[in-house]
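Me: Please take a close look at one part of this model, the open sheet and the helices packed on it. I would like one connected account.

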Amino acid sequence: MGLICNRIERHEIKPGDHLYTYRAVFTYSHHGIFVGGSKVVHFRPDRNFKSITETSSNFNDPPPTPCPTFPDCGFRQPNSGVVLSCLDCFLRNGSLYRFEYGVSPTLFLTRIRGGTCTTALPDPPETVIHRAMYLLQNGFGNYDVFQNNCEDFAMYCKTGLLIVEKQGVGRSGQASSAIGAPLAAMLSSPLKLLMPSPVGIATVTAGMYCVSRYATDIGVRSDVIKVGVEDLAVNLGWNCSDAEEEEVVQDENSTSLITI
Ligand SMILES: [Zn+2]
């Protein structure tokens, strides 16, 4: 595996992996959890929700076309943005990458582009798959590019970690690298050589600033908690009146504070 590139081949995928691919010629990445059987569970804007994403054409998927391979491809609950797709439909001919977990802080800082790795440790594959399938049935709230996007969904499934304070910056590298870096710091850093143009800084497509991204990595933040997937609706304040009636399978760590 290369230092910068997490690209993998299909035969290397394992159930519980956090996969991603680039859409719209590398302008943004789309993330999901591989649950086995050539299926990926991922989170995308629900067209029934009014949200910031509706004004951003980059983040809107085109209307789904019938899948020739799997009849249940594209399955989702009404009003939920969590979707089950086959790997082909998830990738849409894009390249396949695997998000890395448990990387060292040094390696993390060498990454140029946000949203490819984290220092946070992953949970066992069966736990990851359980969270993804549970959220497929119960939803993951409203899609929001900066507070709750496809990368946040996949990272939550892998780690169970949530940031408890709303600070206007999302959990994921994709959002924090887009808005986290002051212009002056960007221009004074060696990374300016990698920037296409100063104009690009203001866009989601050109956010690259490793140090500020490190500050919001869920692996090093002190304001993250481990939340059981069955408790997610309560912790995020979603209006989910039937949450209490769901079966409660809570692991013993689900409410303990992570102290780093
Ligand atoms: Zn499909």
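Reply: What follows starts with the model as a whole, then goes through the sheet, its helices and the core.

This is a predicted model, in which local features need pLDDT of at least 70, side-chain atom pairs count only at pLDDT 80 or more, and totals for chains, interfaces and linings use all residues. Residues are numbered from 1 along each chain as its sequence is written.

Confidence comes before detail. pLDDT is the predictor's confidence in each residue, from 0 to 100. Its mean over the chain is 70, and 55% of the residues reach 70 or more. Over residues 48–60 the pLDDT stays under 50, and the model has 23 contacts there beyond four places in sequence. Residues 178–211 are also below 50, with 43 contacts beyond near neighbours in sequence. Two residues count as in contact if their C-beta atoms, placed from the backbone, lie within 7 Å. Where pLDDT is low, the predicted coordinates should not be read in detail.

The chain has eight helices and seven strands. Both are DSSP runs, numbered from the N terminus: helices are H or I with at least four residues, strands are E with at least two. Of the contacts between residues at least 6 apart in sequence, 65% join residues at least 24 apart. Buried residues make up 37% of the 260 in the chain. Here a residue is buried if 20 or more other C-beta atoms lie within 10 Å of its own, exposed if 12 or fewer, and partly exposed in between, with C-beta atoms placed from the backbone.

Now the sheet. It is open, has five strands in the order β4-β3-β2-β1-β5, and pairs antiparallel. Strands pair if DSSP finds at least two bridges between them. The edges are β4 and β5 (97–98), each with a single partner strand, so one side of each is left without a neighbour in the sheet.

Go through the pairs in turn. β1 and β2 run antiparallel over six bridges. In this pair His18 stands opposite Ile33 of β2. β2 and β3 are joined by four bridges, again antiparallel. Phe34 stands opposite Val40 in β3, and Gly36 has Lys39 as its bridge partner there. The β2 and β3 hairpin has two residues between the strands, and Gly37 takes a positive phi near 60°. β3 and β4 pair antiparallel over five bridges, with Val83 in β4 as the bridge partner of His42.

In β2, eight of the nine residues are buried, so the strand is largely enclosed by the rest of the structure. β4 has four of its five residues buried, so it too is largely enclosed by the rest of the structure. The loop between β3 and β4 holds Asp72. Asp72 is exposed, with 10 other C-beta atoms within 10 Å. Its C-alpha atom is 10.0 Å from that of Lys39, 33 residues away along the chain.

The buried residues of α3 include Val128, Arg131, Ala132 and Leu136. They pack against β2, β3, β4 and α4. Gly139 follows α3 with a positive phi, near 85°.

α4 lies across β1, β2 and β3, at about 35° to β2. Of its 10 residues, 10 are buried, so the helix is largely enclosed by the rest of the structure. Among them are Glu151, Asp152 and Lys158, as well as Phe153 and Met155. Gly160 follows α4 with a positive phi, near 75°.

Last, the core. A nonpolar core is a set of buried Ala, Val, Leu, Ile, Met, Phe, Trp, Tyr and Cys residues joined through C-beta atoms within 7 Å. The largest one here has 40 residues, and Ile33, Val40, Val41 and Ala132 have the most contacts inside it. Elements giving two or more residues include β1 (18–23), β2 (28–36), β3 (39–43), β4 (82–86), α3 (125–138) and α4 (150–159). The largest share, six residues, comes from α4. Val41 ties several of these parts together: its contacts beyond four places in sequence include Ile33, Val82, Leu84, Ala132 and Leu136.

Technical notes: Axes are lines fitted to C-alpha atoms, for helices over the stretch in contact, and angles run from 0 to 180 degrees between N-to-C directions.
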